[in-house]
Amino acid sequence: MGAGGVPLAADVWGEASAPPVVLLHGGGQTRHAWHGAGPRLAALGWRVVAPDLRGHGASGWSPDGAYHLGLFADDVRALVAELGGRPVLVGASLGGLGSLLAAGEAPGADVRALVLVDVAHRPDPRGARRIVEFMRSRPDGFAGLDEAAAAVAAHLPHRPRPDGIEGMRKNLRRHGDRWVWHWDPRLLDGFEGRMDPPGMAARLLTAARGADVPILLVRGGLSDVVRADIAERFCDAVPRARRVDVAGAGHMVAGDRNEHFVDAIVPFLEEVG
């Protein structure tokens with residue numbers, strides 16, 4: 001359950017007694033973004049919880065249509081309190097921002113460590129705009145799964161196309177005779193302004209230092225959202241942060257190169273676990 005009683009759907013893998021890891025997806029995605037990483041981490045001895053963020057997938061929508069970062073951080077705090085066991089938070093993009101604020105601002109969530117997946121204190125505005133433009137591009141949805149798959153392929157030309165298109169069902173829902181993305185359309189209200197508003201970079205750096213836990217920044221080697229120099233400045237400013245790049249991956253690191261992503265985080269998880 002998230003803040004304010006908003007229900008959060010989640011997938012869970014692994015033994016109940018294993019140390020917990022929470023996987024938090026990016027804006028516009030669903031928990032199925034972790035369908036490759038979750039089972040593999042569970043096989044390595046972790047209890048893995050992957051929720052849909054509020055307004056996404058099968059989770060509840062904000063009753064008033066509000067989706068500011070503080071709400072996502074409050075949801076993370078609620079999840080951590082419910083799970084116990086000082087989990088490691090692995091947050092991609094929006095999920096990473098919520099994790100960072102939840103751990104580093106009062107009341108700080110009691111976590112063991114943070115893995116920030118292609119998110120730092122600020123994005124490259126060109127990459128951020130590209131994401132927002134894609135999310136806004138088809139407000140009326142798609143005639144079929146193949147049309148949606150073609151749109152994703154055009155947005156992510158570096159990613160090999162899957163053998164089939166049935167996986168698209170997990171990110172779409174029926175709306176009349178159309179297929180639309182599986183998130184609340186109100187999420188986009190002011191979305192671009194929330195990505196890097198005045199003062200947010202300083203706030204996130206302060207939160208990262210205030211969390212006082214080990215932080216691993218996993219950057220996609222091809223990312224146009226977190227440039228190498230942005231990642232370097234983040235790690236220079238946060239004493240307990242370090243960085244690893246995943247070659248051949250863009251902003252959606254786990255979706256682009258899942259095996260390499262898991263290989264990149266496992267040594268860190270073993271160290272902090």
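User: How many helices and strands does the protein chain have?

Analyst: This is a predicted model. The protein chain has 10 helices and 9 strands.

User: How do I read the radius of gyration against the chain length?

Analyst: Set the value beside the one for a compact globule. With 273 residues, such a globule would have a radius of gyration near 19 Å. The protein chain has 17 Å, which agrees. Along the principal axes, its C-alpha atoms fill a box of roughly 50 × 40 × 40 Å.

User: How far apart are the mean positions of the positive and negative charges?

Analyst: They are 2 Å apart, for 31 positive and 33 negative charges.

User: Now one residue. Where is Ser62 placed?

Analyst: Ser62 is in the loop between strand E3 (47–51) and helix H2 (69–83).

User: Is Ser62 buried or exposed?

Analyst: Compare its relative accessible area with the cut-off. Buried means under 20%. Ser62 has 1%, so Ser62 is buried.

User: Which residues is Ser62 in contact with, leaving aside neighbours within four places in sequence?

Analyst: Ser62 is in contact with Arg54, Tyr67, Leu71 and Arg186.

Notes: Residues are numbered from 1 along each chain as its sequence is written. This is a predicted model: local features need pLDDT of at least 70, side-chain atom pairs count only at pLDDT 80 or more; totals for chains, interfaces and linings use all residues. Side-chain values use heavy atoms; hydrogens and water are left out. Helices (H or I, at least four residues) and strands (E, at least two) are DSSP runs, numbered from the N terminus. The radius of gyration is taken over C-alpha atoms; the globule rule is 2.2 Å times the number of residues to the power 0.38. Lys and Arg count as positive and Asp and Glu as negative; His and the chain ends are not counted. The place of a charge is taken as NZ of Lys, CZ of Arg, CG of Asp or CD of Glu. Buried means under 20% relative accessible area, exposed over 50%, partly exposed in between (1.4 Å probe, protein chains only). Contact means heavy atoms within 4.5 Å.
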